[in-house]
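Let's take a friendly walk through the aromatic rings of this protein. Have a look at the model below, and then we can go through the ring pairs together.

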Amino acid sequence: MSRASGTTASREAVGARFDPTLMRRARERSWAALHAIRARMQPGISEAEAVAMAGEVFAELGSERLWHKPLIRIGRNTTKAFREPSEPGLRLGENDSYFIDLGLVFDGHEGDVGDTFVTGHAPQRQACADAARSLFEQVAAAWRHDGLSGQTLYAFAGQRAAAMGWRFNQAIKGHRVSDFPHAIHRGGDLGDLEGVPASGLWILEIQIAHPSEPFGAFYEDLLEDSGRT
């Protein structure tokens, strides 16, 4: 059986120590880490330097471990998906954009968050970052109000992105989180889920790009009935 196969119930299995309260806490602490990294991002920094700096933040905030490597993309690299290698040598410009994608473990539970930020004055890049957040909220609202399946959510996301004038990365489909390590629970991708995803178990990922310019934006967070904190 592949990780993407199985019933919705089997794909939403959790471990014996799973605790929804600890999941929310891992999410909150992961957002705190992301914003601490953002506060230290300055023009001139490279992706490698940013990742090294992120490691210092994780230690300061008490992250137990990584469940995926931190991903910090700058400039043209913001159009690349998680497994695509970055173009080397890029440094954050004065009027530029970057995104941070973190997968951390706190209290034995996984936090996965991501957001895009802009330096200086870059209106198109800021519009792209804002659009990624807006699109996330629209898709999350459709899940809460209409009970859409994972597959339908990503079809909706693609349609909305096109209507907003952005190119949607269809390869980014979201995924499970749980008590660590979630891989044993056969979660698979949210975008392949035929059923309606449960609250507090799935990460909704949104990645868009400008239709012609070499920059994009990324946003991800936990799907929860209560919405963002």
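Does Y98 count as buried or exposed? In this predicted model, Y98 counts as buried because its relative accessibility is 3%, under the 20% cut-off.

Y98 also has an aromatic partner. The structure holds 5 aromatic pairs, and one of them joins Y98 and F117 in a tilted arrangement, with 5.7 Å from centre to centre and 45 degrees between the planes. This pair links distant parts of the chain: Y98 belongs to strand β2 (residues 97-106) and F117 to strand β3 (residues 109-118), 19 residues apart. F117 counts as buried too, at 3% relative accessibility.

Next comes a pair formed by F99 and F218. Their ring centres lie 5.1 Å apart and their planes meet at 35 degrees, so this pair is tilted. Here again distant parts of the chain are linked, with F99 in strand β2 and F218 in strand β7 (residues 216-222), 119 residues apart.

| Residue | Relative accessibility | Class |
|---|---|---|
| Y98 | 3% | buried |
| F117 | 3% | buried |
| F99 | 2% | buried |
| F218 | 3% | buried |

Two further features involve aromatic residues. Ring pairs join W31, F136 and Y219 into a cluster. A charged residue comes into the picture as well: R176 lies over the face of W202, 5.9 Å from the ring centre.

How values were computed:
Residues numbered from 1 in each chain as written. Predicted model: local features only at pLDDT ≥ 70, side-chain atom pairs only at ≥ 80, totals over all residues. Heavy atoms only, no water. Phe/Tyr/Trp six-rings, centres within 6.5 Å; stacked < 30°, edge-to-face > 60°. Helix = DSSP H or I, 4+ residues; strand = E, 2+ residues; numbered from the N terminus. Buried < 20%, exposed > 50% of the residue type's maximum accessible area, 1.4 Å probe, protein only. Lys NZ or Arg CZ within 6 Å of the ring centre and 35° of its normal.
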